[in-house]
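Here is my note on the model you asked me to look over. Please read it with the coordinates open.

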Amino acid sequence: MKPITVLIALLISSIGFAQDNSEKIVDVAYDACDCIGKIQTNLSTEEKSEQIKSCITSANMAWQLSQSMSEMSEKVSDTLRQLEDISKIDSLIIPSDNLNISLVSDSDYEEIEAYLLETCGDMETVYFAEDETTDNSYSDKDKAMDFYNQGLVAFDNQNYKKAISLYKKAVKEDKTFAFAWDNLGRTYRELGNYKEAIKCYKKSLRIDPKGGMPLMNIAVAYGYLKQFDKAKKAYRQYGKVFENNPETYFGLGRIYALDNDMENALDNMMQAYLLYQKINSPYIKDAEKFISILYTELENQGKVDAFNRIAKKYKIQISED
C-alpha cells in the first residue's frame, strides 16, 4: 500500500482565500452547488463522490470559458473601434488567441471543495441521504402520506413545530410508517430535543432494523446527550449494517475524542481518512482537520509517540507544515 502524507497543522473552521482568487472560488462554488443539488441520492457513496467532483470541474471550466469569452469580446471591440473610420470593409479577420481552458488546479479545487463543505447544504444532503427503501419505508395510506408530505414542506421552511404536528398525524394514521418516524426524530433533533429524537429513531428501527438514517442519527443524538458508551454502541451497530462506511469510524473518532480517549479517537479517524480517500470523498478534509487536532491534543499530553505508532499502523506518513 502506497504511503499517504497527511499535513499536520492545526486547522481552523473559517475559510480564508487569497484576495485575488476569492471571486473565482465563490462563483465556481455557487454553480457547483447548484449542480450537486441535482445529483440522485440513491447512488453509492463512490458514485456521489465522482459526481460531486464532476460538478466542481465543470463549474470551473464554465467559469474559465466565461472569462476567456469576455476577454475576447474586449479584443474584438478594440479592433472595431480602430476600424470605425473605414467606410468599406471587404473582409475583416480579427485575430484572437486560442481559448485557454484547463482543468481546475489542485490548489483551486481544494479551496472550492472546502468552501462547498462550509456553505453548500445540498452537498451534505446528497452525500448522506439514505434512499434505500423497504415495504414500511412509506405508507400505503393516503392520509398518512398527505400529512408526511406536508411535514416535509414545513421542515424545509424551518417551521419545525408545524412539522412535528404533521409527522405525528402521519404516524397516528400509520404506526409502521418508518420514514415518518425518521423525520419526526430529525425534527426533534433540530429543536435540540434529543431524548424525543431517540424515541422516534428506536420506533423506526423496530420497524426496519437496518434503517440507515435512524442508525446514524441515534448515535449522533446520544453523543449530544454525552451518553458516550451508547453512542459508540450505536455507531458500531451502524458499521455492522453498512460495512466499510467511513462515517462509522468518523463518528467513533469524534465520540472517543469527546470522551477524552484521544488514542482510540485517532485510530478510528485514520480509518475514516483511508476509507474517505478510497472513495474519493470530499469529506476527507474533515478527517484531516480532526487528525490535525488530535495531533495537537496528544502532543500537549506528551504522547507524540502514540500518534506516530498509530500512523505507522495505517501506513500513513506524517509531515509537519
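1. Ground rules. This is a predicted model: local features need pLDDT of at least 70, side-chain atom pairs count only at pLDDT 80 or more, and totals for chains, interfaces and linings use all residues. Residues are numbered from 1 along each chain as its sequence is written, and side-chain values use heavy atoms, with hydrogens and water left out.

2. Core. The largest nonpolar core holds 83 residues. Such a core is a set of buried Ala, Val, Leu, Ile, Met, Phe, Trp, Tyr and Cys residues joined through side-chain atoms within 4.5 Å. Buried means under 20% relative accessible area, exposed over 50%, partly exposed in between (1.4 Å probe, protein chains only). L116 and M270 have the most contacts inside the core. Helix α12 (residues 262-278) gives the most to it, with 9 residues. Helices here are DSSP runs (H or I, at least four residues), numbered from the N terminus.

3. L116. Beyond its neighbours within four places in sequence, L116 is in contact (heavy atoms within 4.5 Å) with A29, A32, C33, I36, I56 and M123.

4. Helix α9. After α9 comes K226, with a positive phi near 65 degrees.

5. N245. This residue sits in the loop between α10 and α11. N245 counts as buried because its relative accessibility is 13%. Its side chain makes a polar contact with the side chain of Y238, at 3.4 Å. That term means a pair of N or O atoms within 3.5 Å; within protein, one must be able to donate a hydrogen and the other to accept it, and residues adjacent in sequence count only if both atoms are side-chain atoms. Not counting residues up to four places away, N245 touches Y238 and L275.

6. D174. Find D174 in the loop between α6 (160-173) and α7. D174 is buried yet has no salt bridge. A salt bridge needs a side-chain nitrogen of Lys or Arg within 4 Å of a carboxyl oxygen of Asp or Glu. The nearest side chain of opposite charge, K141, is 4.9 Å away.

Key. Helix = DSSP H or I, 4+ residues; strand = E, 2+ residues; numbered from the N terminus. Lys, Arg positive; Asp, Glu negative; His and termini not counted.
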